[in-house]
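Colleague: I am new to this structure. Could you take me through it?

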Amino acid sequence: MKSRHWIVAVLVMAGLPSGALGTTFSAGIENSRWILSDSIFACTLTHPVPGYGEAVFYHRAGESLRFFLQPVRNPMRAGEAALVIEQPSWKAGKPVDDLGYVRVEDNHDRPVELSSGTSERMLASLREGRRPTFTRRARQSDRPVRVRLNHVNYGSPHQSFRRCQSELLPVNYDQVQRTVVLFDLDRSNLSQEARERLDDVALYVKADDRITQVYVDGHTDSIGTPLRNRELSEARAEAVAGYLQEQGVPEDQLVKRFHGDRYPVAGVETPGPRHRRATVRLERENDDDEAEPVVTQAQRKDLVIVD
């Protein structure tokens, strides 16, 4: 009876009638799985939810942890879903932790996406043997739909996921694909800030064997003679390329070009610091491979628990 009281409490929080028990999507003890995909670019921990799809923890290099639900077809109505952390069935009578409401979007791809803080709380609760549960009205009726994560078989994948997180690169491809280094007037020496930015570029290039070319382009503003600006833009390109090479970027990947003041920053008409720059652009094979995790949908024939 006590476990039924929990269900009623969750229904009330979600604005649902307490007499409607609805449908719960959850893996059972016999088919609860946690699947790790790990690299220095991204860590993905996927939990197939039978009959529903997946629950996914995803941490990309250079970004924060996030969580999303990825259904085969979204059974929840758009609006606010209640998120609670339930105790396992053998601890019936213990209170649930209320994490409040989370937004359910009206789409079938990722109707629920959570911030890093809430995602971390869910990871911790699973490690403690508890079950995060989402409750929301069904799309076509007032009956509730619940999606519950099962902590069974979670321990070892969780440890591996944490290890993967600790080994992620500090930046991802999108963050270093185009990097701008600024220079002082009539100077080509690198500032400490420029060196730190180029350190990230070099670290990424060495880690990703899909990088084919690193283009370094030197620029100036329109102050100075055309000859001086050409020489200065060349010196800036050489300074950046030389530093990248010192940090381990192969020389045969570097392409140096210099343009004087021919290509000012778009929208900036007057001479000034933004034009006194060198740009670094990475070129990579299969450019979209890292952008999002690859998640395999759970088989719909798997178990569905109906209350």
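Predicted model: local features only at pLDDT ≥ 70, side-chain atom pairs only at ≥ 80, totals over all residues.

Colleague: What is the strand order in the open sheet of 5 strands?

Modeller: The order is β1-β10-β9-β6-β7, with mixed pairing. Its edge strands, β1 (23-25) and β7 (97-104), each pair on one side only. Strands here are DSSP runs of E with at least two residues, helices are runs of H or I with at least four, and both are numbered from the N terminus. Two strands pair if DSSP finds at least two bridges between them.

Colleague: How many bridges join β9 and β10?

Modeller: Strand β9 (residues 131-137) and β10 pair over 5 bridges in the antiparallel sense. Within this pairing, Arg136 stands opposite Val145 in β10.

Colleague: And which strands does α2 touch on the sheet?

Modeller: Helix α2 packs on it, touching β6 (79-86), β7 and β9; contact means heavy atoms within 4.5 Å. The direction of α2 makes about 125° with that of β9. Such angles run from 0 to 180 degrees between N-to-C directions, with axes fitted to C-alpha atoms, for helices over the stretch in contact.

Colleague: Which residues of α2 are buried?

Modeller: They are Ser119, Met122, Leu123, Ser125 and Leu126. Seen down the axis of α2, these buried residues fall within an arc of 165°, so they line one face of the helix. The arc is that of the directions from the helix axis to the C-beta atoms. Buried means under 20% relative accessible area, exposed over 50%, and partly exposed in between, using a 1.4 Å probe and protein chains only.

Colleague: Changing topic, what does β11 pair with?

Modeller: Strand β11 is joined by 5 bridges to strand β14 (residues 277-284), and the two run antiparallel. Thr179 has Val280 in β14 as its bridge partner. Thr179 and Val181 form the covered face of β11, while Arg178, Val180 and Leu182 form the uncovered one.

Colleague: How many aromatic pairs are there in the whole structure?

Modeller: A search finds 7. Rings of Phe, Tyr and Trp (its six-membered ring) pair if their centres lie within 6.5 Å; planes under 30 degrees apart count as stacked, over 60 as edge-to-face and the rest as tilted. Phe25 and Tyr52 form a tilted pair, 5.7 Å centre to centre with 50° between the planes. Both Phe25 and Tyr52 are buried.

Colleague: Why is the pair of Trp34 and Tyr154 called edge-to-face?

Modeller: Their planes are at 70°, so the pair is edge-to-face, with the ring centres 5.0 Å apart. Trp34 is buried at a relative accessible area of 7%, and Tyr154 is buried at 2%.

Colleague: Last one: where is Asp186 found?

Modeller: Asp186 is in the loop between β11 (178-182) and α5 (192-207). Its phi is near 60°, a positive value in a residue other than glycine. Asn153, in the loop between β10 (144-148) and α3 (155-166), has a positive phi near 65°.

Terms used
Residues numbered from 1 in each chain as written. Heavy atoms only, no water.
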